[in-house]
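Hi,

Here is the structure I promised to pass on to you.

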Amino acid sequence: MSTTHIQPLPNVYGRMAYTELGEGKKRTENIQNGTNRIAAQMGDGDSREEFVRFCSAMKRQNQGRENEGFEVRVSWAPEELSKDDPEDIQRACEYGYLLCKEVAPNAPCWVTVHTDGEGGCVHVHATIANHDLETGNAIAHGTDHATVKRKNDQLSRQMGFSVVGPQPGAQRTRWADRKSEFEPGAFERMLGNRVEEARNASSSMDEFREELRLRGVELNEVRKVDKETGEETVGWSYKAHDPLGKTKRKRRRRASNLADDLTKEGVEAYFEEKQRQAEAQKEDAPVPVPVATVAAEPQTDSPAEPSFDVYSVEESDVAQMAGDLQRAHIDRCRESGEPFMGERYGQLVEAERHPEEQLAKLQAEVDAARREFHASKEARDALDHPCPNLLAGAWVFAKAGRDAKDPVSRMMADMTAMMMRMLLQQAMEEQRRREREAAERRLYESRKNMWDAEKRLKSAEKALAHEDEREEQAKLVRLQEREDKAARRAGGRVKYGADADKQYE
């Protein structure tokens with residue numbers, strides 16, 4: 001039987017120094033004697049120092065993080081693991097490492113085993129780096145005490161350790177079975193149905209709380225800490241208005257009194273199973289063929305090989321997507337400040353509850369959209385347009401969807417075909433815009449040439465006008481010169497006129 005405790009570590013170096021040397025007088029003695037308190041250790045990396053540097057570096061690179069890591073402590077009773085048995089010490093070390101991988105599978109860890117505790121119990125300090133190597137983000141969830149305790153109990157059963165609480169095979173109640181025990185108008189039945197609907201419409205704890213709020217249900221947590229062992233337990237209760245009660249007041253029920261699958265542990269287990277199923281579907285999805293490989297494939301769109309007829313609506317598709325559409329509708333209404341309760345929301349709820357009634361209508365809408373896509377002359381012309389990357393991408397997604405086995409892949413392939421149509425239309429719009437800009441550029445250049453020609457013509461006309469004026473002036477000057485020359489040549493000739501008689505006086 002083991003007990004667990006988890007705490008965040010803003011500074012991993014300080015905690016790793018404590019697990020190696022201790023504190024106070026014990027630390028001083030270990031430093032002076034060159035010893036340590038490590039009974040066994042193992043982890044990811046070549047040394048403790050390298051692990052500490054990694055945790056510190058990840059926090060510096062991500063300024064928003066508060067913690068460098070988390071520490072999980074696991075302690076066993078002396079009757080279960082003996083501090084004097086090397087095999088038990090090694091077993092505890094390996095157990096601590098496996099527990100770290102259950103809490104954070106993609107995060108590095110380092111496990112240190114101690115046997116010098118006051119109670120003489122074998123215990124481990126398992127430090128987990130606050131960095132997911134697969135996503136590059138901090139550890140998203142699974143670091144609360146209840147989750148660690150549940151995973152510790154599961155691993156203890158697998159490793160042959162004793163566990164406090166119900167053993168495997170114990171009967172656990174489900175709300176689907178228990179709700180028939182309450183009257184149709186009973187408050188417990190109404191409350192349990194709301195909680196179950198909120199859980200089924202969610203994929204995480206945050207979404208679950210939001211769905212409860214939208215259905216008028218309050219979630220209350222009660223935390224209790226055992227003073228002797230320091231173990232913390234968390235209990236849930238739900239609170240809502242009783243519409244059929246004598247007084248319209250809020251009433252409360254403990255989650256464990258409704259059903260085990262509506263308690264904190266049950267809801268968390270539901271989300272974990274849902275996440276595992278999603279990951280399994282993702283792994284089973286077909287790998288898209290590289291574009292370079294399929295670029296030379298024939299891209300015929302004949303009735304014998306319909307490239308985009310790859311999606312057939314099924315009831316499972318309707319039930320799976322209705323909840324996501326509800327959340328998208330609520331988020332959109334919240335952003336716009338509009339109430340989400342309306343005809344559209346009612347249709348989505350009805351589609352989730354009765355997918356078979358929406359199947360024919362949804363299939364007809366998909367077929368109509370497909371016919372519209374194939375009948376679009378603009379899309380047909382765009383397929384002949386030199387856009388090899390877009391056409392190759394359309395062929396890849398169409399082929400992947402045609403070979404897909406799960407509803408999500410088929411739906412994504414059909415949606416991708418619609419998106420490719422939009423991309424082709426955008427490509428044609430871009431081509432028309434470029435041609436229009438080129439025509440405007442040519443018009444501008446021709447207009448500029450015309451204006452330059454007009455300027456040259458005006459300059460020539462002005463130059464000619466100046467030349468005519470100069471010739472006229474030169475003509476007048478030559479005429480005057482001839483007259484002056486003739487007058488000088490006449491010299492003393494008699495001038496006939498009014499004063500001619502004065503010449504003989």
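Below is what turned up, starting with the whole protein and then going into parts of it.

First, a word on the ground rules. This is a predicted model, so to speak of local features we need pLDDT of at least 70, side-chain atom pairs count only at pLDDT 80 or more, and totals for chains, interfaces and linings use all residues. Residues are numbered from 1 along each chain as its sequence is written, and side-chain values use heavy atoms, with hydrogens and water left out.

The protein has 17 helices and eight strands; these are DSSP runs numbered from the N terminus, with helices being H or I of at least four residues and strands being E of at least two. Of its 505 residues, 34% are buried (buried is under 20% relative accessible area, exposed is over 50%, and partly exposed is in between, with a 1.4 Å probe and protein chains only). Among contacts (heavy atoms within 4.5 Å) with a separation of 6 or more, 66% link residues 24 or more positions apart.

Now the inside. Nonpolar side chains tend to be buried together in soluble globular proteins. A nonpolar core here is a set of buried Ala, Val, Leu, Ile, Met, Phe, Trp, Tyr and Cys residues joined through side-chain atoms within 4.5 Å. The largest one has 28 residues, and Val72, Trp76 and Ile128 touch the most other members. Two or more residues each come from strand 3 (69–76), helix 4 (86–103), strand 4 (109–114), strand 5 (123–129) and helix 5 (145–159). Helix 4 gives the most, with eight residues. Another core, of 22 residues, lies apart from it and includes Ala186, Met190, Phe208 and Leu262.

Helix 1 (residues 12–21) is worth a look too. Its buried residues are Val12, Met16, Ala17, Thr19 and Leu21, and they pack against elements including strand 1, helix 2 (25–33) and helix 3 (48–61). Just after helix 1, glycine 22 has a positive phi of about 90 degrees.

Finally, two single residues. Threonine 4 sits in strand 1 (residues 2–9) and counts as buried because its relative accessible area is 10%. Leaving out residues up to four places away in sequence, threonine 4 touches Arg73, Val74, His145, Val148, Lys149 and Asn152. Glycine 235, in strand 7 (residues 232–241), is partly exposed because its relative accessibility is 28%. With the neighbours up to four places away left out again, glycine 235 touches Asn220, Glu221 and Val222.

Cheers
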